[in-house]
Amino acid sequence: MSTTTVPPPPAPPAPHPPARRAKSRSALLAHGLPLVWLNGGALAVCLAMILGLLLLIFYQGFVSFWPGPLVEVRTVDGKVYLGEVSRTETYRPSAEVIDALPEAARAKARAELQNNGGLATRWQLRTGNFDLTQTHFHWVSDFEIVSETRPEWALVVERSTDDGRFYGFPKTFLRDGQEEATGPEAAWAKYNEYHPAALERVAQVEHLRKKELGRINDRRNDARLQVAKAEMRPGSSPSEVEAARAEEQRVIESTAPAEQRIKEEIASLEAENAKYQLKLETADGQEKLLPLSVIVRAYPANRLGFWGKLGVYLSRWWEFVSAEPRGSNTEGGVWPAILGTSLMTVLMSLAVTPFGVIAALYLREYARAGVAVSAVRIAVNNLAGVPSIVFGVFGLGFFCYLVGGSIDRTFFYYKGAGNATFGAPGMLWASLTLALLTVPVVIVATEEALAAVPRSMREGSYACGASKWQTIRRIVLPRAMPGVLTGVILAMARGAGEVAPLMLVGVLKTASGKVVDGNFPYVHADRSFQHLGFLIYDVGFQSQNSEAAKPLVFTITMLLIVLVAGLNLGAMWLRGRLRSKYAAGQF
Amino acid sequence: MQPTRSFTGHSRRRVSRFSVRLGEFLSRWLITVGGIGTIAAVIAVGVFLVWVAAPLFRPITVTLGKPVPVAAPGTRLLRFGADEYQLLGWSIYADGTLQVVRLDTGKELDRRKLFEGDAKLTACSPPGDTADIAFGFDDGTVRVGRVRFQTTYPKEEEVDDKVRALAPGETAEYRGGLVLRQSDRELRLQAIEVEGGDAVKLDNTAAVELIDLSMGGDEEDSAGFLSYLAADGKLHTHAVKRGVSLATGNPVLKVEASGELALPARDGHGKPAHLLAAGIGDSVFVAWDDGHCARVQARNVEEPKVAEEFHFTNGGAKLTALAFLIGKATLLAGDDTGRVRAWFAVNKADAATGDRQVMVAAHDLGSLGSPVTSIATSGRSRMAAAGAESGHFRLVYVTSENDLADLAAPDGAPVRALLIAPKDNAVLVRTTDSIVTAAIDTSHFHPEITPASLFLPVWYEGYDRPRHVWQTTGGDSYEPKYGFWPLVFGTLKATFYSLLMGVPLALLAAVYTSEFLHPRAKAVVKPTVEMMASLPSVVLGFLSALVLAPFVESWLAAVLAAVVTVPGAFVLGGYVWQLLPEKVGLRLARYRFVFVAAVLPLGLAAAALVGPVLERLLFAGDLKAWLDGKGAAGGDPTPGTFVLLAPVAALVTFVLLVQFVNPLLRPTVMRLGRLENGLIELVKFAAAAVFVVAAAYASALLLTAAGFDPRGSVVGTYVQRNALIVGFMMGFAIIPIIFTIAEDALSAVPEHLRSASLGCGATPWQTATRVIIPTAMSGLFSAVMVGLGRAVGETMIVLMGTGNTPLMDFNIFNGFKTLSANIATEMPDAVVGSTHYRTLFLCALVLFAMTFVLNTVAEVIRQRFRRRAFQL
């Protein structure tokens, strides 16, 4: 190594200028250009990976809701498949695949393969109709295809049931079991006429069931718990128990008429909805009756023009950000997750800001500088590097089981074992765990901001007779505020993107009860919640139909990245402002 | 208060307002308490982890109670049992007597004959997984019954005054059982219940000498296996099923299938002394006093066969006690020298036995010093107790060979029977005329964990040798395996491959950014890379599992080729650049990065082209088949060895070039012009490339001749989610942090050093490699350490990017399980306070300690570097 880079030995004092020129030429080796290029290449690779990743996610995230054409494929074995092309790939079919083809098609397929060097292309068709075929997808290879068409009246039907999408042709529209319109065009027109009203009724039923019935159930539950409480409290008298029982009875009786009314209302709405049905025919001739109420959205994909497609696209986006998930989390919206993520982040920053700032103030302004303080500073810095899952373990053991368990035993003993209130993972504990995880970030940022306040300003303040606290409050903290905010935003960005600890202390696939609802106290910090990051893991990785959910996962990923990157950009902008302020404001 | 004096001689005139002083006091107090509290809370994370994990290693305390005298009927004790609350004890004697006693006073509550009729009881089955007991008689009949405890909660209104007057915790005799007042409102009655005793329909007339029954469960239709040895030397095997007797309504056993076997004659050794039946018609062990044992394979109940004959003891010791551990696969054998060993069958392909299994003595549980009289096993864990003639008894956990307690009955009387209480919270020692209870403190009871069982190989049931295994969930009688190494290994494997990917990229990129990139480009590049540090790792995990893994699987050859072609393309680009005339080169220098970046697609395209071609040339077109040892090229390890050796050869060639070839060339090239010089360099590069290929292939041939095959070590069968994928994604995840810290360190090198070096005539490259990098070395090192810390604890990427199987396999194409992923997957299912729970806390503690140490080292080095850079 050393011999190469040793600069050329000093040339003897030469009287001839050409000798000098020769020397300067030899420096090519010393420039090490190939290695400089290698270094540059490393940077190029890093940047390419970053940009490639972002491009991939944003592209996939944006296109996932765009309605694609519906393709009807007839294969050599006489089967017909109708669906959207979800993936295309080149592969090398094995001999058995070809042998499995009907006699007639075999030779042609072989010849085709021969021409392409043994490679074939195959499409993954999303064929839906899970209730009929027990599968969501079908692979079709190019050599199998006899004909490929885009039928005009092929419908994409998105359903609210767990069976996912339905692909087929509208046949008849039924009302009260009577055929009201026959033929695709007429049936489709009728569908468009009646569908909004049906959806309206579905929403009403939903509202009645969740809000109205939910309120009644909550009241009854409360009364029941009061009875349990009276029974189990040590030293309670039998009369108290009696009173609680009577109250429970009273609540049940007083709510019974309302319950009855709501149930009747629901029944009538559902009966009305059951009247309207659309009969669809699949590509292979099977018929299926779909009540209008299970149809969330339907469109004849091949008839749509650009604006029609845009309409479907935008309506899917709106559903995505505003509705609840359907089809076992693979379709629909992520509103609960958006809400859960934001609420948790806000709760976390409420917890992390005061403590982080106070700790930083202590370290920077009050603690006597010395070995101990720098040791503590190193320790705090290092905690930022401790794996988040470790904090998750701590949160579960300490917050959920130890603290939450004690709270339950002290205040909620009457709920009985197995009905934990605070003794189980929930939003409060998740926020506190993440606060602990991110507090070093705030401490470090605040300390830096405090250190950046010029000494002259403090001295000026002291010279005017201000006390230490007055100086901190009036002079130091306002100047350090942008830095503190930067720290808090960075902490929020880190917290919003963390998933591993949440898997232990708070998230659930389907949140059992909503964290926010219309019942007192409106925000239920003891309940578990949905989280965008966890949804990525759960839907993209653990759900049975993760293939169908993949586009949705890309969109969720995009949303999460936008959230986190937005917070980070905000922090960077603040940091920039802070710097420029000081560049101008020093004296 | 003394007036404060200033140097002007004036005393202070104004006094701070009270509110100001109060504010000052309160703020100081609040900030101090809050600050220290916050810091303490953060640091408490580590303390809490220790606090939860520490009980794993706390020694177990066993307290010996006072002996309680019990009336002895005079005949041999056959069986001994107790209820789960240790209130009642029962004994069955050789004459068919059942005796029920209070365990606290020893008072006899009941004594009755279990069987009517003339037949004499000759055999009784040893304790099993269920409450069933089989009895054999001298007329060849077999009866089956159950002795169980019935727990009821009598109401206050029903009981008599004596019971009603009980204070909480007190007991009283009531209706043949014992009633205990649990609380003000609740009473609990514990009574014994004897069921059945009906004869099983068999066509045997010879006296039953040994008998065992193994039932699959307590349900009404569970299947089971009954085996007994008759006086005529025949071993009978029966598949049985529970049913109800039509005549009496009692539960009985129905025989479904039968078989028999004449045991091999053993002259001069008397009759067998022990018979144990395992599983539902699995195997029967018949053992003689001298330790000889015949393992009878009865998977086909109708045709039992002797599969293996072996010896439990050596050196002529006599076998004195034999018992099954829970699950009935491990046998504990005690001999008259006091030694107790655990045996089980392991698979051995070349075994001479009938079923390719051999019995091995896997655990030596030490010696009691005098003949073992009784061995008891737990009904819920792999704990066992052995008692000796001398009155000593020992409690051990078999898997971990953890010696829990060594005690002796106070009166030194020989131990006649032992019992581990149903809740594993006591050992009951029955001597001839007393019962001693040794209470086990179960508040922190983790006998399966010892430092050795965590970090050394442990011989688990059914394994061919001691191994490191992590496997914590299974059925009821499952042997939990808490071997830490597979997890630590997985963590290190993930870290290694991600560092292999991330460190070179990040460091080289940092060097380029700090030393060669145009400042304006740097102002864009740096924040961009920094932004990536905050990219949620779940995103990377999702991409690794659902995008990268399928992509790499179908483009494996091209991806592997890219490792060579992409850097090769950059180096080649540099060589080509040298051919440019100097003026052009200088003018374009500020756009150099654009050209560098433009080479990247070329490198990737080259990989896409070269990869499949190489795959066809070297591996007959199917790399994955070769990795499996299949396909046309599967038999020949040379191509793989060649591919693996190529990077090594490249490195060696580089050193050779730098050390020997360049000095040789220097005098020549000094006389030549720039273009000729550049051409020579290019030729040199081409020659070096050819040399690398040749050298690697030659050494691969040599290694193959020497019998080396890379498959099975660093490469092997391809699994879709593997270390390569994780290495790639986690490398990507740690690049930003390493890059940022490294770039900061490089930029922090004082400008005057750089200027001085350049001023002396050094080229930027020389300045970078000989001045800047050595000065910033400690900063770069600390960057790598921080990256290491990040990689060690990363959870989501490994959770999603690997199959999460705890393997110890170096194969880059195979999965693994890291400590962090293990916590994430198993923690939600772990029961609070259980061994599993605490072991997972130990995992977290190990992670915490690892990252804390790494980060501290990095931080200390970085601070030292900063100080030094400041001094320069």
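Predicted model: local features only at pLDDT ≥ 70, side-chain atom pairs only at ≥ 80, totals over all residues.

**Exercise 1. Helix packing**

Task: Describe how helix H15 (residues 455–463) of chain A packs against helix H16 (residues 468–497) of chain A, and describe the crossing of helix H4 (residues 485–515) of chain B and helix H13 (residues 723–747) of chain B.

Solution. 
1. Two packed helices are described by the angle between their axes and the distance between the axes.
2. For H15(A) and H16(A), the angle is about 145° and the axes lie 10 Å apart. The crossing of H15(A) past H16(A) is right-handed.
3. On the H15(A) side the contact involves A:Met457, A:Arg458, A:Ser461 and A:Tyr462; on the H16(A) side it involves A:Lys468, A:Thr471, A:Ile475, A:Val476 and A:Arg479. By class, these residues comprise 4 nonpolar, 2 polar and 3 charged.
4. For H4(B) and H13(B), the axes come within 6 Å and the crossing angle is roughly 35°. This crossing is right-handed, and its contact has 21 nonpolar, 8 polar and 3 charged residues.

**Exercise 2. Aromatic pairs**

Solution. 
1. A pair of aromatic rings is described by the distance of the centres and the angle of the planes. Over all chains, the structure holds 48 aromatic pairs.
2. Because B:Trp470 lies in strand E32 (residues 470–471) of chain B and B:Tyr482 in strand E33 (residues 481–482) of chain B, the pair ties together parts that are 12 residues apart in sequence.
3. B:Trp470 is buried at 3% relative accessible area, and B:Tyr482 is buried at 6%.
4. Ring pairs also join A:Phe394 and B:Phe48 into a cluster, whose members include A:Phe398, A:Trp429, B:Trp51 and B:Tyr837.

**Exercise 3. Charges over rings**

Task: Over which rings do the charged ends of A:Lys468 and B:Arg430 sit?

Solution. 
1. The charged end of A:Lys468 sits over the ring of A:Tyr366, at 4.7 Å from the ring centre. A:Lys468 is also one of the H16(A) residues that meet H15(A).
2. The charged end of B:Arg430 sits over the ring of B:Phe80, at 5.9 Å from the ring centre.

**Exercise 4. Accessibility**

Task: Is B:Ala361 buried, exposed or partly exposed, and how many residues of helix H17 (residues 819–826) of chain B are buried?

Solution. 
1. B:Ala361 is located in strand E24 (residues 357–367) of chain B.
2. Its relative accessibility is 29%, so B:Ala361 counts as partly exposed.
3. Leaving aside residues up to four places away in sequence, B:Ala361 touches B:Arg341, B:Ala342, B:Trp343 and B:Trp459.
4. H17(B) is mostly covered, with 7 of its 8 residues buried. Among them are B:Leu819, B:Asn822, B:Ile823 and B:Glu826.

Terms used:
Residues numbered from 1 in each chain as written. Chains lettered and ligands numbered in written order. Heavy atoms only, no water. Axes fitted to C-alpha atoms, helices over the stretch in contact; angles between N-to-C directions. Helix = DSSP H or I, 4+ residues; strand = E, 2+ residues; numbered from the N terminus. Left-handed = near helix turned anticlockwise from the far one by under 90°. Contact = heavy atoms within 4.5 Å. Nonpolar A, V, L, I, M, F, W, Y, C, P; charged D, E, K, R; others polar. Phe/Tyr/Trp six-rings, centres within 6.5 Å; stacked < 30°, edge-to-face > 60°. Buried < 20%, exposed > 50% of the residue type's maximum accessible area, 1.4 Å probe, protein only. Lys NZ or Arg CZ within 6 Å of the ring centre and 35° of its normal.
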